[in-house]
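I opened this structure for the first time today and kept short notes. The entries follow the order in which I looked things up.

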Amino acid sequence: MDTIIRTSQHSLLFSNKGKLHKLHDFLNEYRRVATIYLNHFWDKGITLTMHKDAKTTYYNFDTNTHLDCPSMISTVELDKELDLQSTLTARVRKCCVTQVLGIIRGTVEKQKKRQYIVNKKRAECRCITKRLRRAVRKNKPVKPDISKINPEINSVCLDYEESKDSTFNGWLKLFSYTNVERNQKILLPIKEHRHSKKLALHGTRMSSFILTDNAVDIRWEMTPLVNTSTQQVGADQGKTTVLALCDENKRSINTPKRNKDKYTLDKIIDVLKRSKKGSKRFRQAQDHRKNFINWSINQIDFSKIGTLKFENVVGLRYKNPTNREMSHWTYSDIRDKVASRCELENVLMVYDSSTYYSQRCHVCGLVLKSQRKKKVYSCKNCGWEGDADYNSAS
């Protein structure tokens with residue numbers, strides 16, 4: 001069974017100023033070297049031949065026609081060619097090159113697929129559509145900006161050690177990272193929290209970490225739960241009720257409308273509507289909104305769901321003017337959280353078109369806009385009347 005990756009973020013602000021100063025110097029140097037590597041690969045290209053397991057693989061990368069970028073490359077000859085003067089050790093530079101190549105591969109991936117289809121059709125003497133030709137011509141890869149890249153370091157120079165100290169749960173040890181002084185280390189204290197304890201209970205800590213200016217991302221490898229349910233359930237997302245579910249027997253399951261502090265999603269959106277964008281209150285309300293959505297969806301038992309039919313809302317505000325209140329309803333947060341739960345609970349998530357989703361009667365199938373008024377749906381054909389979210393999910 002395929003594994004999934006989850007991340008827990010831990011603050012590094014418990015460290016003293018001396019450690020944070022050394023860490024920031026390391027991050028700045030890493031970002032400088034990464035930019036040098038990227039400019040070299042992007043401007044001069046890559047030509048590489050690799051031999052592994054009696055198999056020879058050729059890589060030829062340039063930003064115009066050949067987008068076959070390798071996933072790793074030796075830094076020995078590369079540093080000689082660049083005459084790179086850096087305080088970073090060879091171990092760190094190896095991690096840096098691998099991360100930069102991964103960024104390049106992700107940048108050119110879509111264009112590489114388009115070129116593959118074009119070359120395949122040419123080999124088969126098939127016609128290439130104008131739309132595909134135009135896409136290949138207009139979507140040329142653009143060099144990414146990695147001036148603020150966050151280093152991805154593995155166990156060759158970064159390790160995590162658990163601690164029995166009552167103050168901190170572990171120490172992040174950064175070693176062999178500089179050529180200035182031998183055996184220099186940075187020990188960063190780590191505090192666990194509820195989310196990381198939950199991931200540690202069900203997953204395995206990975207050996208690579210992502211460092212930022214004030215935090216570290218620890219990743220966990222998890223195996224999806226076993227799910228034998230065959231029940232098909234429809235789901236509809238809303239502003240009043242975060243998620244409304246309806247199973248094959250027309251039984252409805254809704255997320256709680258309010259939490260223990262008597263907050264509702266409507267009330268949080270109202271705070272966002274009345275707050276100045278960019279203010280401290282606005283950012284706090286944004287975090288509150290996301291936390292409320294995550295908490296609401298966590299109250300649903302996904303173990304009894306085999307297939308979840310989800311409304312695929314796309315471009316809701318595109319060329320459609322909305323009021324200030326609706327502009328703060330983030331359906332993408334709901335979708336991402338549901339997708340995360342389905343992945344973890346081994347539930348098949350199927351996206352349905354949202355066209356006339358809320359205007360259609362689930363009993364007779366009549367589509368009429370005037371039949372829905374806010375939370376109430378009343379069919380003028382068959383006479384059914386009830387909750388609008390339940391009707392959409394059915």
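**Entry 1: the cysteines**

I began with Cys-95, which counts as buried because its relative accessibility is 7% (buried means under 20% relative accessible area, exposed over 50%, partly exposed in between, with a 1.4 Å probe and protein chains only). Before going on I noted the terms of the model: it is predicted, local features need pLDDT of at least 70, side-chain atom pairs count only at pLDDT 80 or more, and totals for chains, interfaces and linings use all residues. Residues are numbered from 1 along each chain as its sequence is written, and side-chain values use heavy atoms, with hydrogens and water left out.

I then looked for disulfides (pairs of cysteine sulfur atoms within 2.5 Å) and found zero in the structure. Cys-95 is in no disulfide, and its nearest cysteine sulfur belongs to Cys-157, 4.6 Å away. Cys-157 has a relative accessible area of 0%, so I put it down as buried.

**Entry 2: the whole chain**

I stepped back to the chain. I wrote down nine helices and 17 strands (DSSP runs numbered from the N terminus, H or I of at least four residues for helices and E of at least two for strands). The C-alpha trace spans about 80 × 70 × 45 Å along its principal axes. The chain has 394 residues, and 39% of them count as buried. I also looked at contacts (heavy atoms within 4.5 Å). Of those in the chain with a separation of 6 or more, 63% are between residues 24 or more positions apart.

**Entry 3: H1 against H3**

How do H1 and H3 cross? I found that the axes of helix H1 (residues 17-44) and H3 come within 9 Å and cross at roughly 50°. Axes here are lines fitted to C-alpha atoms, for helices over the stretch in contact, and angles run from 0 to 180 degrees between N-to-C directions. H1 and H3 are therefore oblique to each other (under 35 degrees is roughly parallel, over 145 roughly antiparallel, 65 to 115 roughly perpendicular, and the rest oblique).

The crossing of H1 past H3 is right-handed. A crossing is right-handed if the near helix is turned clockwise from the far one by less than a right angle, and left-handed if anticlockwise. The H1 side of the contact includes Phe-26, Tyr-30, Phe-41 and Trp-42, and the H3 side includes Cys-95, Cys-96, Leu-101 and Ile-104. I sorted the contact of H1 with H3 by class and got 16 nonpolar, two polar and one charged residues. Ala, Val, Leu, Ile, Met, Phe, Trp, Tyr, Cys and Pro count as nonpolar, Asp, Glu, Lys and Arg as charged, and the others, Gly among them, as polar.

**Entry 4: H3 against H4**

Next I took helix H3 (residues 90-123) with helix H4 (residues 130-138): their axes are 10 Å apart, and they pack at an angle of about 140°. That angle makes H3 oblique to H4. H3 passes H4 in a left-handed crossing. Gln-111, Arg-114, Ile-117 and Val-118 of H3 meet Leu-132, Ala-135 and Val-136 of H4. By class, the contact of H3 with H4 has five nonpolar, one polar and one charged residues.

Which residues does Thr-89 contact, leaving aside its neighbours within four places in sequence? I listed Ser-176, Tyr-177, Thr-178 and Asn-179. Thr-89 sits in the loop between helix H2 (75-82) and H3, and it is buried, at 9% relative accessible area.

Asp-83 is also placed in the loop between H2 and H3. Asp-83 is exposed, with a relative accessible area of 54%. Its phi is near 50°, a positive value in a residue other than glycine.

Lys-262 is not a glycine but has a positive phi of about 70°. I found Lys-262 in the loop between S12 and helix H6 (265-274), exposed at 55% relative accessible area.

My last stop was Asp-247, in the loop between strand S11 (243-246) and strand S12 (252-254). Asp-247 is buried, with a relative accessible area of 9%. Not counting residues up to four places away in sequence, Asp-247 touches Gln-231, Gln-232 and Val-233. The C-alpha atoms of Asp-247 and Val-233 are separated by 4.4 Å, with the two residues 14 apart along the chain.
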